[in-house]
Amino acid sequence: NHFFGYSDFLYSCSRLRVIMRRLGRSFGRLYSSHASLGEGYPEAVKLTPANKVRLPDGKTVSGADHIDTKLHATVLDNGVRVVSKDNGGSIARLSFLYKDGPVYETLFSAGASQFMKHALSKDGLTSSEFVTKTILQKAGLKVEAPELVCKSWLSYTVEGFRDTVAQSAVTDKFWQSLLFPRFSDASVKECKRLVGLEVEEAKRDTPRAWLLDLAHKTAFKGSPLGHSVYCPSYNLKYFKPSSLWDRWDAHYGMKNIAVVATNVDHHDLLHALQDSIWLARAHPKEGGITAVPSTYVGGEGYEVQKRSAEYDDQFVDVYETLTAYAFEAPGMNDLTKWAAAKVVATALELAATPVLRNSFTNPKVQVFYNFYKQTGLLGITTPGATAAQLRAVKSALEQLGGLSDADLDTHKTATKLKLWSCVDTRAGTQRLLMHSLAAAEFPMDGAAAVAAVDSVQAADVKAVVSKMLSSKATLVHLGDSPAAPVLADL
C-alpha cells in the first residue's frame with residue numbers, strides 16, 4: 001500500500017480500533033454479507049451485480065419483487081438522521097448533509113458557508129482527499145459537486161451501482177474525503193481563491209441564479225433568508241483558521257448531520273454506517289443549531305450589471321435587463337397550502353390562462369417557487385419585462401383564484417404529472433427528500449407530494465392566491481436598462 005502514502009497509513013491504523021471493537025462484539029450478531037469488504041483499500045470497493053436485492057438477513061435474491069419501496073427514516077444514537085427511499089433502480093445516490101448555510105450567517109460571517117463548502121471538499125488541492133475521490137471514481141462512483149439545499153444544508157453526493165454504494169468501504173472513503181477540514185494558511189488562501197472564482201463565474205455565466213439571489217435579499221431583507229448565498233468580496237479577508245474552527249464546532253456535530261440515500265436498502269445502509277469507521281472518527285461536537293424564522297417584507301431592488309458577449313473576436317456590451325417579479329408564498333409547514341402553491345406555479349409555468357399566453361411571447365420566461373419551512377417566494381423571471389407584462393401576471397393570479405372545479409382538476413393533473421416525472425428519477429427522489437428534510441424537517445417522498453396535490457380544493461388555491469396578492473410584491477432588476485418598470489407602475 002505504498003501508493004497511498006502516509007495519510008492512508010494513519011487511516012489504516014485508525015481502522016484497527018473498529019476491527020478490535022468488532023471482535024469484541026457478540027458472535028451471534030448478523031452482519032451484512034458485504035460488511036467485511038471494508039478492510040482493504042481500492043480492492044474493497046468492488047462492483048457487485050446490480051440486479052441482486054439485499055435482504056436484512058444478508059441473503060440475496062434476483063429481481064425487484066422483494067424491494068421495500070417505503071420511505072424509511074432512522075435516528076442513530078448519536079443524533080445523525082438517516083433517510084432512504086428505494087425505487088428499485090440499479091443506480092443509487094448517497095448524500096451527506098451538514099447543517100450549514102446562509103440562514104445561519106450574520107453580517108460579519110456572510111459567505112462562511114460558501115467558504116466551508118470548498119474547505120470540506122478541498123477542490124483544487126492535491127491531498128489524500130483527492131486520492132480518495134480518485135479511488136471512488138475508479139470504482140465506478142461519481143462524486144458530485146457540493147450543493148446548497150434550501151439555504152440551510154450543504155450536501156455532498158456520490159452516485160453509483162446500488163450494491164456498491166451500500167458498502168461500508170464506500171462510506172469510509174466518502175466520509176474520509178469530507179471529515180477533516182484543512183484550515184492551514186495555505187488551504188485558507190486556496191479556498192479564498194476558489195470562492196472568489198465561483199462568485200465571479202456565477203455573476204457572469206448564470207445571471208438568473210444571481211437574479212434570484214437578489215430577489216431573496218429584497219424579499220426577506222433583514223431576515224436569515226435574505227442573506228446572500230454568495231460571499232461578499234470584503235468578507236474574504238476576514239476568514240481565518242480560528243474563526244473557521246469555531247464554525248466547524250457549531251455546525252458540523254453529529255446532530256447537525258443527515259444521511260440521505262436513494263435506491264439503497266435501508267438495512268444495508270444502516271449496517272454500512274454503523275460498521276464504517278466514520279462513527280469513530282466523526283466530529284464529537286453534537287450541535288443542534290437552529291435558525292431564526294424569516295419575515296417577508298417585499299420591495300424593489302436593482303443591481304446595475306453590464307455583460308459582454310463575443311462577436312467576431314470582439315467583445316461588445318450586451319444591454320439586457322433581467323427582471324424577477326414575485327410574491328410571498330406558503331412554506332412547507334402547511335402541506336395543503338404548499339401543494340396549492342405548487343398548483344399555482346404549474347399553472348403559471350404552463351401559461352394556462354389566455355392572459356399569460358397573449359402577454360408573454362418570449363420563451364425565456366420562467367416560473368420559480370422556492371419554499372422553506374414557514375414561507376416561500378413564487379414568481380417569474382424574464383428578460384426585458386414591461387409594466388404591461390407584469391400587470392398580466394397579477395391578472396393571471398386573480399383568475400387562478402377563481403378557478404372552476406374542471407379547471408382546477410386540469411391544473412392538478414399537470415402538477416402531479418410534473419411531480420411524478422421528477423420523483424420517478426433517482427436524482428428527483430433524492431432532491432425531494434433533501435429539500436423536504438431541509439425545509440420542513442421531515443422527509444417526504446413523491447407519493448406523499450402527489451397525495452397532497454390531489455387533496456387540494458379550490459378554496460385552498462383561492463386562499464393562497466389571496467395571500468400572495470395582498471402581500472407587497474417583490475420586483476428586482478439585474479442589468480442596465482433605465483426604462484425598467486417599478487412597483488408604482490403595477
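Predicted model: local features only at pLDDT ≥ 70, side-chain atom pairs only at ≥ 80, totals over all residues.
Figure 1

**Figure 2. Leucine 437 in helix α16.** With a relative accessibility of 2%, leucine 437 counts as buried, since the cut-off for buried is under 20%.

**Figure 3. The largest pocket, with about 1500 Å³ of space.** The pocket is lined by 42 residues, and the closest to its centre are Glu147, Leu148, Asn370, Arg431 and His435. Elements that give two or more residues to the lining include the helices α2 (112-121), α6 (185-205), α7 (207-219) and α16 (426-440), together with β7 (147-149) and β14 (366-371). The most comes from β14, which gives 6 residues. Sorted by class, the lining residues are 22 nonpolar, 9 polar and 11 charged.

**Figure 4. Salt bridge between lysine 117 and glutamate 198.** The closest N and O atoms of the pair are 2.7 Å apart. Lysine 117 belongs to helix α2 and glutamate 198 to helix α6, so the contact ties together parts that are 81 residues apart in sequence. Lysine 117 is buried at 13% relative accessibility, whereas glutamate 198 is partly exposed at 23%. A search of the whole structure finds 11 salt bridges.

Figure 5. Glutamate 190 and arginine 193 meet through their side chains, at 2.8 Å from N to O. Glutamate 190 counts as buried, with 16% relative accessibility, and arginine 193 as partly exposed, with 43%. In the other pair, the side chains of lysine 203 and glutamate 303 meet at 3.7 Å from N to O. Lysine 203 is partly exposed at 29% relative accessibility, while glutamate 303 is buried at 17%.

**Figure 6. A network of salt bridges.** The residues linked in this network are Arg93, Glu144, Glu159 and Arg426. Side chains of opposite charge can pair when their charged atoms come close.

**Figure 7. Lysine 151 and asparagine 263, two loop residues with positive phi.** Lysine 151 has a phi of about 60° although it is not a glycine. This lysine sits in the loop between β7 and β8 (153-161) and counts as buried at 6% relative accessibility. Asparagine 263, also not a glycine, has a phi near 65°. The loop that holds asparagine 263 runs between β9 (257-262) and α10 (266-275). Asparagine 263 is buried as well, with a relative accessible area of 4%.

**Figure 8. A nonpolar patch on the surface.** Leu107, Phe108 and Tyr234 form the patch and together have about 410 Å² of accessible area. Tyrosine 234 is part of helix α8 (residues 233-236). Its relative accessible area is 46%, which makes it partly exposed.

Methods
Residues numbered from 1 in each chain as written. Heavy atoms only, no water. 1 Å grid on protein atoms, 1.4 Å probe; cavity = no way out; pocket = protein on both sides within 12 Å on 5 of 7 lines; lining within 4 Å. Points joined across faces, edges and corners; volume = space filled by probe spheres on them. Helix = DSSP H or I, 4+ residues; strand = E, 2+ residues; numbered from the N terminus. Nonpolar A, V, L, I, M, F, W, Y, C, P; charged D, E, K, R; others polar. Patch = residues over 30% accessible without salt bridge, like charges linked within 9 Å, V, L, I, M, F, W, Y side chains within 5 Å. Areas by Shrake-Rupley, 256 points an atom, 1.4 Å probe, with all protein chains shown as cover. Salt bridge = Lys/Arg side-chain N within 4 Å of Asp/Glu carboxyl O. Buried < 20%, exposed > 50% of the residue type's maximum accessible area, 1.4 Å probe, protein only.
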